[in-house]
Amino acid sequence: MKKTLMKWALLLVCIAVTMPAMAQFNAKALKGAAKAVKAVTLTDAQMTEYVKEYIDWMDTHNQVCADDNEYTIRLKKLTDGLTDVGGIPLNFKVYYVIDVNAFACADGSVRIFSSLMDIMSDDELLGVIGHEVGHVAHKDSKNGFRTALLTSALKDGVSSQGGTAAKLTDSQLGDLGEALVNSTYSQKQERSADDYGYEFLKNHGKNPWAMALSFQKLKKLQEEAGAQKSSKLNQLFSTHPDLDARIKRMEERATSEGIEKPATE
């Protein structure tokens, strides 16, 4: 049975002879209005330190699939040869959770939720991975992390000391996780990441229709969630708006390029 992820976990071993408990992604909702960004200057080196500290904390506090797990093996096959983007090294792991999501950090760490893998074909999953890599390539992940850092962890007075990033406490890392899970990319950023994922599929010899098909599956989940406004699924869609428009845009692009839609189940 899949159980609850620890309280402070963000967006995001596994299946063995005995099925271990799968966690549920859960982070406290941000309280009140958005906090103002403090006038704190962060160098790229300090940002790098903070991102590493954060993703290390995430990997420690979430159930990560082992190297010999079926999820990890599948992900490794899909991402074989994906070593970097724009000089940023990429690394991939699976979080064994019941929520359907994926995220990427500014350092090139891409984390895929096992339940997302459960509902996606290989091509659809690769399109989602391409989308997340696109956010890294376009610096969306870096800028989003910087904003979240300045509006959460640094609000308690964390600052650089002698050019070195001050170490974050567990509480501050938790606040940072909340800010990140509640953050959103702009429509322009999402469209650009969708386009990146589309080209990503083509460059890997895959049918780019998979982008639209993956969104259609997420849309179906959204519809099934219905009026459960507090569900984690609806929280996912609140941070990924205009899904209908994105589906239509990917479909129209594939159609205009004369690409045949693959048969679906």
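Q: How do helix 8 and helix 10 run, roughly parallel or roughly antiparallel to each other?
A: Two packed helices are described by the angle between their axes and the distance between the axes. Helix 8 and helix 10 are roughly antiparallel: the axes of helix 8 (residues 209-225) and helix 10 (residues 243-256) cross at roughly 155° and come within 8 Å. Angles under 35 degrees count as roughly parallel, over 145 as roughly antiparallel, 65 to 115 as roughly perpendicular and the rest as oblique. Axes are lines fitted to C-alpha atoms, for helices over the stretch in contact, with angles from 0 to 180 degrees between N-to-C directions. Helices (H or I, at least four residues) and strands (E, at least two) are DSSP runs numbered from the N terminus. This is a predicted model, in which local features need pLDDT of at least 70 and side-chain atom pairs count only at pLDDT 80 or more, while totals for chains, interfaces and linings use all residues. Residues are numbered from 1 along each chain as its sequence is written, and side-chain values use heavy atoms, with hydrogens and water left out.

Q: At what angle do helix 7 and helix 10 pack?
A: Helix 7 (residues 187-203) packs against helix 10 at about 40°, and their axes are 11 Å apart. That makes helix 7 oblique to helix 10. The residues of this contact divide into three nonpolar, no polar and eight charged.

Q: Where do the side chains of Lys52 and Asp56 meet?
A: Side chains of opposite charge can pair when their charged atoms come close. Lys52 and Asp56 meet in a salt bridge at 2.7 Å, N to O; the term requires a side-chain nitrogen of Lys or Arg within 4 Å of a carboxyl oxygen of Asp or Glu. Because they are four residues apart in helix 1 (residues 44-61), about one helical turn separates Lys52 and Asp56. The structure holds 17 salt bridges.

Q: In what order do the three strands form the sheet?
A: Two strands pair if DSSP finds at least two bridges between them. The order in this open sheet is 3-5-4, with mixed pairing. Strand 3 (91-95) and strand 4 (102-104) are at the edges with a single partner strand each, so one side of each lacks a neighbour in the sheet. Strand 3 runs parallel to strand 5 (residues 109-113), joined by five bridges.

Note on methods. Nonpolar A, V, L, I, M, F, W, Y, C, P; charged D, E, K, R; others polar.
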